[in-house]
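Here is a friendly walk through one model, from its sheet to its pocket. Please keep the 3D view open as you read.

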Amino acid sequence: QYQAPVILDFADIGHYAVIGNVLSGKSTFLQTALYGLISRYTPEEVSIYAIDFSSRMLESFAAAPHTGGVLFEQDEDSIGKFFYLMEQLLSERKKVVRGGNFGQFIEKNGKVFPAVVIAIDQYGSFREKTGNKYDSQMLQLAKEGLGYGIYLLLSAGDISASEIPSKLADNIRGRICLEMNDKFSYREIL
């Protein structure tokens, strides 16, 4: 019954999706993962942005020096500004890194800028309540962000058209599966 610690290796694996039923612990998992990041790394090494469309458990990170912001479903204007900021950040990093990738750049130049972790709790609800307006930006971050130190940490009920669509899921290698309704769901997710 030994339970080894779960280690999220964004640099090696990339993006992560935490999948599970309602009340399976997705928000708690995200909260624990973010706490682990701010406990282990300095603000110069990692920046966190959180969008919480669930239980507001990520609100506790708002005052952390690592956190660029925590947004909720009523922050519609701020969410649009956030995605504009991420487009600008990705564009700037492309110019600075110039053809290599984030890991190679940091290895050669040191910690010039921090890795960015974007945590979205209840991604399906986020998509529904924003009218899928940010799907293209999320897909761009999923495809291009890895090479420039921008990582996604999403929670959802499933990998499906209404939760995490397959186009996005295809770019998420790390999957953490919590309790699901039936045994066949685990195989599909993992």
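This is a predicted model: local features need pLDDT of at least 70, side-chain atom pairs count only at pLDDT 80 or more; totals for chains, interfaces and linings use all residues.

Residues are numbered from 1 along each chain as its sequence is written, and side-chain values use heavy atoms, without hydrogens or water.

Six strands form an open sheet with parallel pairing, in the order β3-β2-β4-β5-β1-β6. From one strand to the next, the twist averages 10°. Strands (E, at least two residues) and helices (H or I, at least four) are DSSP runs numbered from the N terminus, and two strands pair if DSSP finds at least two bridges between them. Between β4 (residues 115-121) and β5 (residues 150-156) there are five bridges; Val117 has Tyr151 in β5 as its bridge partner.

Angles run from 0 to 180 degrees between N-to-C directions of axes fitted to C-alpha atoms, for helices over the stretch in contact.

| Helix | Lies across | Angle |
|---|---|---|
| α3 (residues 76-97) | β2 (46-52), β3, β4 and β5 | about 150° to β4 |
| α6 (residues 135-144) | β4 and β5 | about 125° to β5 |

On to the pocket. A pocket is an open set of points on a 1 Å grid over the protein atoms alone, where a 1.4 Å probe fits, with protein on both sides within 12 Å along at least five of seven lines; lining residues have an atom within 4 Å of a point. Grid points are joined across faces, edges and corners, and the volume is the space filled by probe spheres set on them. The largest pocket has a volume of about 840 Å³. Of its 31 lining residues, the closest to the centre are Leu8, Phe10, Ala11, Leu37 and Tyr41. Helix α2 gives the largest share of this lining, six residues.

Note on methods. Contact means heavy atoms within 4.5 Å.
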